Amino acid sequence: NISVHSDIPTVINACYSSDERLKKVAILQEWLENCAIDKIIEIPVITNEPWGNTTIKLFNKPDACNIKSIHPDSQLNFTNNGLYFNKLEGNDNYDQEILLQAIYNLIRAGQLKKAQELAVNHQIYWLAGSLLGGTEYHYEPIDDNSNSNSNKLICYGNIRKPIWMRTCWKYANKLSENPNNFPYGQSASSNKSIVMYEMTIYAILSN
């Protein structure tokens, strides 16, 4: 029996003892994550508003209403074929691709927290909030200096992570269903790589 006050390593070791297959899967996962570490890239932190070029273009339109920022879902367009990614302007498309590539590599390496921090540093808060759903739900003891025998615990993580994972899978599928996201030939949009990274990130998170 495992106490609710047990730390995470104790719970994990108990699971490994009950089923050796879990330990083999964990070893394989750790190996794959270690292989992905070399792919992690460092990218500079931006100090301006995300998607600045796209924002300026929209701001300069005759019918613009004092646009200062872009809604986090503004790149998504709902069509009869499913979700479609609108192309960003100027360097915004390139910057978004590099950011998603970096986050993709961090997630492959098992560094979800660093992926969240990277999204926050680039002011892509909606992406950071989305990644936060992948945090394991667990208890941690409260550091109470006044009472060394304190059994107080605090909850961390997403208690509804299974629902979050199913949502990630549905989102990845919605992106893959629209053929306009993946054009071929010389006319292929530079947006294609962004959609591929976005789709793959959430497919990985869904396990």
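Let us start with K161, which counts as buried because its relative accessibility is 14%; buried means under 20% relative accessible area, exposed over 50%, and partly exposed in between, using a 1.4 Å probe and protein chains only. Keep in mind that this is a predicted model, where local features need pLDDT of at least 70, side-chain atom pairs count only at pLDDT 80 or more, and totals for chains, interfaces and linings use all residues. Residues are numbered from 1 along each chain as its sequence is written, and side-chain values use heavy atoms, with hydrogens and water left out.

What does K161 meet? Its side chain forms a salt bridge with that of E136, at 2.6 Å from N to O. The term stands for a side-chain nitrogen of Lys or Arg within 4 Å of a carboxyl oxygen of Asp or Glu. E136 sits in the loop between α6 (125-132) and β3 (138-141), while K161 belongs to helix α7 (residues 161-177), so the pair ties together parts that are 25 residues apart in sequence. Helices (H or I, at least four residues) and strands (E, at least two) are DSSP runs, numbered from the N terminus.

By this rule there are two salt bridges. In the other, D19 and R21 join their side chains at 2.9 Å, N to O. R21 is exposed, because its relative accessible area is 62%.

Now look for rings. The structure has two aromatic pairs; rings of Phe, Tyr and Trp (its six-membered ring) pair if their centres lie within 6.5 Å, and planes under 30 degrees apart count as stacked, over 60 as edge-to-face and the rest as tilted. Y104 and Y197 have ring centres 5.7 Å apart and planes at 55°, so this pair is tilted. Y104 is in helix α4 (residues 91-108) and Y197 in helix α8 (residues 191-205), so the pair ties together parts 93 residues apart in sequence. Both Y104 and Y197 are buried.

For Y171 and Y202, the ring centres are 5.1 Å apart and the planes lie at 85°, so the pair is edge-to-face. This pair links distant parts of the chain, with Y171 in helix α7 and Y202 in helix α8, 31 residues apart. Y171 and Y202 are both buried.

Finally, visit the surface. W31, in helix α2 (residues 20-36), counts as exposed because its relative accessibility is 53%. Together with L28 and L32, W31 forms a nonpolar patch with about 340 Å² of accessible area. Patches are made of residues with over 30% relative accessible area and no salt bridge, where like charges are joined within 9 Å and nonpolar side chains (Val, Leu, Ile, Met, Phe, Trp, Tyr) within 5 Å. Accessible areas come from the Shrake-Rupley method with a 1.4 Å probe, and for residues only the protein chains shown count as cover.
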